[in-house]
Amino acid sequence: MERKESPDKPILPYIEATQLLTLREKVGQCFMPAAFINDSEEEIRNLESLIRKGAVGGICFFHSRASAATNFEGKKKVVYNEKSFDLLKTLIRRYQKAAAHPLLISIDAEWGLAMRIEETPQYPYAMTLGAADDPFLVYEIAKNIGRDCRAAGIHWNFAPVADINNNPDNPVIGYRSFGGNKEKVSMNATAFSRGLQDAGILSCAKHFPGHGDTATDSHLTLPVIEKSAQELMTEELVPFRALIRNGVDAVMAGHISVPPITHGSSVSASVSKEIIDGLLRKSLVFQGVVVSDALNMHSVSRAFPEKGTLEWTVFDAGTDVLCFTEHPEEGIEKILEQATPERIELSFKRIWELKERAFQMNGTLESGLSKPHAYNKMVARNSLTLFKGEQETFKEFREKGYIALSIGNNKGREFHRKLGLKKEDSLIFKDSTDYPNLKERIGKTSRVLLSVYLPRAKPQGLFGLQDQTMELIHQLIENYEVIVYLFGNPYFLNHLPLEKIRTIVIAYQDLQGFEEVAAQHFLGHFEATGVLPVSL
């Protein structure tokens, strides 16, 4: 039986809600399916129907079905829609109207709403913030991100990432982590969590018990970590413990296998009682809400072909909120069949009290979106890292002359413009350019200022660069005195002959302001003070 629509409903106190809701409706509060901003009307109505049936307690927004991570890194085309933000707000109102009780609205906005939504504020990646080495700046940026979430009608940001980035081949965390130092990750993640909360947004530490030391994409296959509980306690779990001590609102269980804890079984942490009910609840004494990582991810979904079985197993392991669940109705039936009323009530109480806190925190919506440029420029300056070389090299290049060459996605014009270069001293690499042609254009100078822009932040496929482009970079390094400014993931440097490069500066990203700051650095206006947050 479907409930009647009732828009603009206040959240009931838990004591009233626990008496009013049926056991089935209480189980429904555990389910948080995906909602896609750019979706078909048919799919929107299907979700509305689920909401009216009481099979949904919250929804997690993604850009589109094509952009979902299990789309094998983009085989379906992601269509750009500059109106996604307005569409998001419309859909939130529509889905809330269909709900008998207010929905908890969540999103992944680790570096701002731009992670999911076009034409919205984008702030630097966690790795860039780690290089800036300023938790107070992290706090302010997180607060701005939180305000943007409020402006959209979102209550819960699935951030910060608490993973320690200690594996250069990690295909899914990498730049999303604050770095490889557990204390600094702890400080920055805690600052980020507090910033969100002070903006009225729930925070979430992820991906428990730590996704940093993996080399497998858990969207596709299950990563395995061969570490004992004691080893995790001294490394991976340090940021999670700090966040729990400082009142993080929730913890997300990752799809990671830790056989030493699960009696040798290669089972995901997200479905393991030993890890969730044991390690997280008992050892770390976390009694707040546990949310699953997306349950559509192939590392777990393919292990549970029968509809509803995955949802029951995750719930039985101690999880409260089942995120990106694909079979809510079957999952509800399985839980009703097998869970005790006391176990259901325990999760319901945690979720409902989280909802009460979310709606009390949220208050009046913000009137507009934040303006990230000033903060991004501060991060650009603070994070700029002199990885190799001496300050005198820049002066030598300026005095004796050089050619500036930019490689990657036809970028670099802004960097060159800020350097004040003449046209003949500014080269933008195109894929059709070969080394002999480039050598001719460089001319007699022996000095090349090489700015490299990585098309992707993830390491797969040489960060998006073509093999011939990499070969050309190697030839330049072999034959010229080179200063490299890297606008991208520092792990890219592992692919270069570092001993042959005279000077390397890491700028991490090419957001607005980063190229201007890098140009000011080359021109001698300030010295780089950023700290490389990972080991190469």
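How many residues does the largest nonpolar core have, and which residues have the most contacts inside it? In this predicted model, the largest nonpolar core has 127 residues, and those with the most contacts inside it are Phe-61, Tyr-95, Trp-156 and Tyr-485. Helix α6, which spans residues 135-152, contributes the largest share of this core, namely 7 residues. Apart from this core there is a second, separate one of 39 residues, which includes Tyr-125, Ile-407, Ala-457 and Val-534. Returning to Tyr-95, and not counting residues up to four places away in sequence, this side of the analysis finds that Tyr-95 touches Ala-35, Ile-44, Leu-47, Glu-48, Ile-51, Ile-59, Phe-61 and Leu-103.

The strands were considered next. Strands of a sheet pair through backbone hydrogen bonds, either parallel or antiparallel. An open sheet of 4 strands is found here, with the order β2-β3-β4-β5 and with parallel pairing. Its edge strands are β2 (34-36) and β5 (156-157), each of which pairs on one side only. Strand β2 runs parallel to strand β3 (residues 58-62), and the two are joined by 3 bridges; Phe-36 has Phe-62 as its bridge partner in β3.

Aromatic rings were then examined across the whole structure, and the search finds 22 aromatic pairs. In one of these, the ring centres of Phe-348 and Trp-352 are 5.4 Å apart and the planes are at 40°, so the pair is tilted. Phe-348 and Trp-352 lie together in helix α14 (residues 341-362), where they are 4 residues apart, about one turn of the helix, and both residues are buried. The pair formed by Phe-394 and Phe-522, by contrast, is edge-to-face, with 6.1 Å from centre to centre and 90° between the planes. This pair links distant parts of the chain, since Phe-394 belongs to helix α16 (residues 392-400) and Phe-522 to helix α21 (residues 514-522), 128 residues apart. Phe-394 has a relative accessible area of 1% and is therefore buried, and Phe-522, at 0% relative accessibility, likewise counts as buried. Phe-394 and Phe-522 also belong to a cluster linked by ring pairs, whose other members are Phe-397, Tyr-402, Phe-415, Tyr-453, Tyr-485 and Phe-487.

Helix α16 also holds Glu-396, which has a relative accessibility of 19% and so counts as buried, the cut-off for this class being under 20%. Leaving aside neighbours within four places in sequence, Glu-396 is in contact with Gly-401, Glu-481 and Arg-502.

Charged side chains are also found over aromatic rings. The charged end of Lys-349 sits over the ring of Tyr-14, at 5.5 Å from the ring centre, while Arg-381 lies over the face of Phe-526, 4.1 Å from the centre of that ring.

Finally, Met-127 lies in helix α5 (residues 126-132) and is buried, because its relative accessible area is 3%. Although Met-127 and Pro-490 are 363 residues apart along the chain, their C-alpha atoms are separated by 9.4 Å. When residues up to four places away in sequence are not counted, Met-127 touches Asn-489, Pro-490 and Tyr-491, and also Asn-165, Gly-174, Tyr-175, Ser-177, Phe-178, Pro-533 and Val-534. Val-534 is included in the second, separate core of 39 residues.

Definitions and conventions:
Residues numbered from 1 in each chain as written. Predicted model: local features only at pLDDT ≥ 70, side-chain atom pairs only at ≥ 80, totals over all residues. Heavy atoms only, no water. Phe/Tyr/Trp six-rings, centres within 6.5 Å; stacked < 30°, edge-to-face > 60°. Buried < 20%, exposed > 50% of the residue type's maximum accessible area, 1.4 Å probe, protein only. Lys NZ or Arg CZ within 6 Å of the ring centre and 35° of its normal. Contact = heavy atoms within 4.5 Å. Core = buried A, V, L, I, M, F, W, Y, C linked by side-chain atoms within 4.5 Å. Pairing = 2+ DSSP bridges.
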